[in-house]
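Below is a report on a single protein chain, written to be read alongside its sequence and coordinates.

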Amino acid sequence: MGHDPSTRPGRLSYLAPSRLRLMLTRAGTQELVRWSFYCLAIGIVAGIGATVFTYALFYADVYLLGGIAHVHPPQPGGEPPLPIVSPGPVRQWAVLLLPAIGGLLTGLLVFTVAPEAEGHGTDAVIDAFHNRQGRIRPAVPIVKIIASALTIGTGGSAGREGPIAQVGAGFGSLLGRALRLPPAQVRQLVIIGAAAGIGAVFRAPLGGALFAASVLYRETDYEHLTLMPGIMASVVSLAVYSLLGGTGFEPIFRIDKDLQFQLGQLPLYFVMGILLIPLSMLYIWVFYGLRDLFKKVPLPRHIVPMIGGLGVGAIALWYPQILGDSYGYLQQAMDGELPIRLMITIALLKILATSLTIGSGGSGGVFAPSLVIGGLAGAAMGAALHMYDPVWFPDPEAFAVVGMAAFFTAASKTPIASLVLILEMSGGYMLLIPGMLAIATAYMFGRTDWTIYEKQVLNRFASPAHRGSYVVDILENIPVLNVLRTDGRVATVEPETSLEDLYNLIGRTRQSLFPVVEDGDRYVGSVPLELLQDAPHDPEAAYLIIAEDLMEQGTRVRPGDNLNVALEILQRTGLDELPVVDEDGWFKGLISRRDVLAAYYRQLKEIRGLQ
């Protein structure tokens, strides 16, 4: 009564922006050391996982796509070229069949051992957070690494972010459950693990932490508690990855000059943000359209990825640039080495190839294909402007960098994370201002319900993981005074009121509690309904017993208390109603469970009406 509910120990898990600060100030150094250990352990394991995955992709590319099909795709500027172990002309039969064989092997592995490893992986992490209390089976990350290496290494159009996100998230889940942490903390470790994996494999620790914390929601909402630990784990992971993989800390894409933009070019970046919205919607529509179509194929799920792989191989006979992650061709576009028509063609075919690969049940991420599609579209726009006026538009590659961020923003609904990821991956920090304009445009003018991550929910309010905390938050924002039934609508009695008169009140009201007042409205106690039911029913005794004989002081709430306080007292005492009494002892009214629930649903309806 009258206490501050935010001081309850359980409330610690509900606070978002300030929970970590409260946790540290209350639990002290021990809690800080514990969470630092979690971040360190997750960072080390995610870094090792990223290294293993990178080597698996490397050898798959070299000995499968290169060794069998004699296809040797270029690499982005920040990565060494692939060695050629089997020189010779391209084997067209292998280009056609190799993605199908990879799809078959992937389907047999995934749908036999771990069906959760199907698809692009990030959705599985999102679903584990929202709906599975952070539970990810230990077998899933292992299967995901092997299946994704097979899919991408045989030419499937997919990327690295989904698999490595599942690897880091899987260890975070395993660690949390092994230590018997509560579900809320297991969820946090899952997101921290995903951040560490992404931060390492893309050499973007800040972007990885932002992406993992924001990809859960379609609105610009975040898992604030995971942001700082996610950054710590990402830095550790990147350090381990660089040490074991020898990649260093340089960006994946190389930019050989200082990119410039002029103030007068900003409207064109706004136009770019607008133009990439329908392209992202085409990507999402084709991706999920083919996914749904493949689900209807009357064949065992183990075999269906082979069909998607065969479609990818057929496209690659004419356009081998769509095989794998295609990062090298995006680098060539940024370097101005590809014609405009080819860039547009590859971007559109990359949409189809990615949808065939992952939509059919193959394993890999959608982040890399998104960068290629948006980067090529932006590079094509920049090249066209450069041809029109090379003096005014000297750096067409700037449009490629911004195009990556804007397109992925429109497709994934992660604007800030998209921009930071791309700037870290390209080193194009001088493009921060036009990048901000393009991502803001792509997000604000795009449709919130169109996203490449179908497991996203609208915001924290809509997440089952936060359902309990939002009930508390809503109730804490409603004072008891706003919903109580006043004394004009409440039957009160005086201390001298006879038991007979109290019996008569039972039939005329629906109250389960009768407040006893004197001197007008000064509260002195209450008579619960159950006491009246247990009182003697002798007619003579009914006139001898008065309210003062039956009343209890009981529990009360104050008008300034919030509904969460009232609900807690109702639950603790088992009462259906509580008297509301101010600090001076004056009776103000009654509040019931029904009143609390009605107020909650009114507020909930109002909040949803604003969304």
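## Basis of the model

The model is predicted, so local features need pLDDT of at least 70 and side-chain atom pairs count only at pLDDT 80 or more, while totals for chains, interfaces and linings use all residues. Residues are numbered from 1 along each chain as its sequence is written, and side-chain values use heavy atoms, with hydrogens and water left out.

## Overall build

The protein contains 24 helices and five strands; these are DSSP runs numbered from the N terminus, with helices being H or I of at least four residues and strands being E of at least two. The C-alpha trace spans about 110 × 55 × 50 Å along its principal axes.

Of the 611 residues, 57% are buried (buried means under 20% relative accessible area, exposed over 50%, partly exposed in between, with a 1.4 Å probe and protein chains only). The exposed surface comes to about 25100 Å², and carbon and sulfur atoms supply 62% of it; accessible areas come from the Shrake-Rupley method with a 1.4 Å probe, and for residues only the protein chains shown count as cover. Among contacts between residues at least 6 apart in sequence, 76% join residues at least 24 apart, where contact means heavy atoms within 4.5 Å.

## Nonpolar cores

A nonpolar core is a set of buried Ala, Val, Leu, Ile, Met, Phe, Trp, Tyr and Cys residues joined through side-chain atoms within 4.5 Å. The largest one has 123 residues, and the members that touch the most others are Phe202, Ile322, Tyr327, Phe367 and Leu376. Helix α15 (residues 397-412) contributes the most to this core, with 12 residues. Another core, of 21 residues, lies apart from it and includes Leu475, Ile478, Val596 and Ala599.

Tyr327 is in contact with Pro76, Phe202, Ile252, Phe253, Phe367, Ala368, Leu371, Val372 and Met425, leaving out residues up to four places away in sequence.

## Pockets

Pockets and cavities are found on a 1 Å grid over the protein atoms alone: a cavity is a set of points where a 1.4 Å probe fits but cannot get out, a pocket is an open set with protein on both sides within 12 Å along at least five of seven lines, and lining residues have an atom within 4 Å of a point. Grid points are joined across faces, edges and corners, and a volume is the space filled by probe spheres set on the points. The largest pocket holds about 590 Å³ of space. Its lining has 25 residues, with Glu116, Glu118, Asp123, Ala124 and Lys455 nearest the centre. Both α4 (122-131) and α10 (266-295) supply at least two lining residues, and α4 has the largest share, five residues. By class the lining has nine nonpolar, four polar and 12 charged residues; Ala, Val, Leu, Ile, Met, Phe, Trp, Tyr, Cys and Pro count as nonpolar, Asp, Glu, Lys and Arg as charged, and the others, Gly among them, as polar.

The second largest pocket holds about 480 Å³. It is lined by 28 residues, and Thr54, Phe58, Gln75, Glu79 and Arg160 are the closest to its centre. Two or more lining residues come from each of α2 (29-66), α9 (224-245) and α12 (327-334), with α2 giving the largest share, seven residues. This lining divides into 13 nonpolar, 10 polar and five charged residues.

## Cavities

There are six cavities of 30 Å³ or more. The largest cavity has a volume of about 80 Å³, and Pro99, Gly103, Thr151, Gly309 and Thr357 lie nearest its centre among 15 lining residues. Helices α3 (92-113), α11 (304-316) and α13 (340-359) each supply at least two residues of this lining; the largest share, four residues, is that of α11. The lining of the largest cavity has four nonpolar, 11 polar and no charged residues.

## Two buried loop residues

Thr154 sits in the loop between α5 (139-153) and α6 (161-178). Thr154 counts as buried because its relative accessible area is 3%. Beyond residues up to four places away in sequence, Thr154 touches Leu64, Leu65, Leu98, Pro99, Gly102 and Ala149. The C-alpha atoms of Thr154 and Leu244 are 25 Å apart, with 90 residues separating them along the chain.

Asp395 belongs to the loop between α14 (367-388) and α15. Asp395 is classed as buried because its relative accessibility is 8%. Leaving aside neighbours within four places in sequence, Asp395 contacts Lys257, Asp258, Leu259 and Gln260.
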